[in-house]
Amino acid sequence: MTQPPPAGGWPDPASAGQPSGPPVDPLLSVPSQPAGYDPYRPADPYPPIDQYAAKSDLPPAPAQYPPAGYPPPVQPGYGYGYPPRSTNSMALVALILSLIGIGSCITAPIGAIMGHVAMRQIRETGEEGEGMAKAAIIVGWILTAFIGLAVLAYVSIFIIWATSVTTV
């Protein structure tokens with residue numbers, strides 16, 4: 001004989017009878033998600049066009065989602081950016097010749113002239129080396145001026161010596 005159901009409509013846990021429905025598993029029940037912003041929603045490739053946006057005095061509304069794809073690089077030149085510019089070889093040679101002119105006295109004006117040619121090439125090609133070319137010009141012409149003064153001093157000392165010697 002079976003027992004009558006308890007008074008509250010609840011099944012008796014001590015009874016061996018079948019429950020009226022399947023048991024509820026708390027792990028399978030998912031709470032409902034709140035509606036609103038979805039960060040994983042893909043961007044709309046064709047956003048709606050506002051016909052009256054150009055006619056209003058208000059600025060356009062900012063975009064809600066960033067554009068799809070990778071962001072642009074912050075600065076060009078990092079990673080696989082632009083290759084480095086090459087240095088003008090004539091500017092380097094002009095600077096070396098100007099500095100060698102300290103000892104040789106002949107290469108200083110050659111280095112200065114080559115510095116001018118290198119500056120023209122740098123303006124035309126956009127290469128690096130403008131500082132070296134300017135240094136070659138400055139050092140070359142200063143050394144050329146010192147060499148010219150030294151030659152004038154030597155010649156004037158020779159002339160003074162030649163005129164002061166008395167002949168017997």
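How many helices and how many strands does the secondary structure of the chain come to? Three helices and zero strands. Along the sequence they give the pattern α-α-α. Helices here are DSSP runs (H or I, at least four residues) and strands are E runs of at least two, numbered from the N terminus.

This is a predicted model: local features need pLDDT of at least 70, side-chain atom pairs count only at pLDDT 80 or more, and totals for chains, interfaces and linings use all residues. Residues are numbered from 1 along each chain as its sequence is written, and side-chain values use heavy atoms, with hydrogens and water left out.

**The chain as a whole**

| Property | Value |
|---|---|
| Buried residues | 12% of 168 residues |
| Contacts between residues 24 or more positions apart | 62% of the contacts with a separation of 6 or more |

Buried means under 20% relative accessible area (1.4 Å probe, protein chains only). Contact means heavy atoms within 4.5 Å.

**The α2/α3 pair**

Helix α2 spans residues 107-125 and helix α3 residues 130-164. Their axes come within 7 Å and cross at roughly 155 degrees. That makes α2 roughly antiparallel to α3 (angles over 145 degrees). Axes are lines fitted to C-alpha atoms over the stretch in contact, with angles from 0 to 180 degrees between N-to-C directions. The crossing is left-handed: the near helix is turned anticlockwise from the far one by less than a right angle.

On α2, the contact residues include P109, I113, M119 and I122. On α3, they include I137, W141, L143 and I147. The contact divides into 13 nonpolar, five polar and two charged residues. Among the charged class are Glu and Lys, while Gly counts as polar.

Note on methods
Buried < 20%, exposed > 50% of the residue type's maximum accessible area, 1.4 Å probe, protein only. Parallel < 35°, antiparallel > 145°, perpendicular 65-115°, else oblique.
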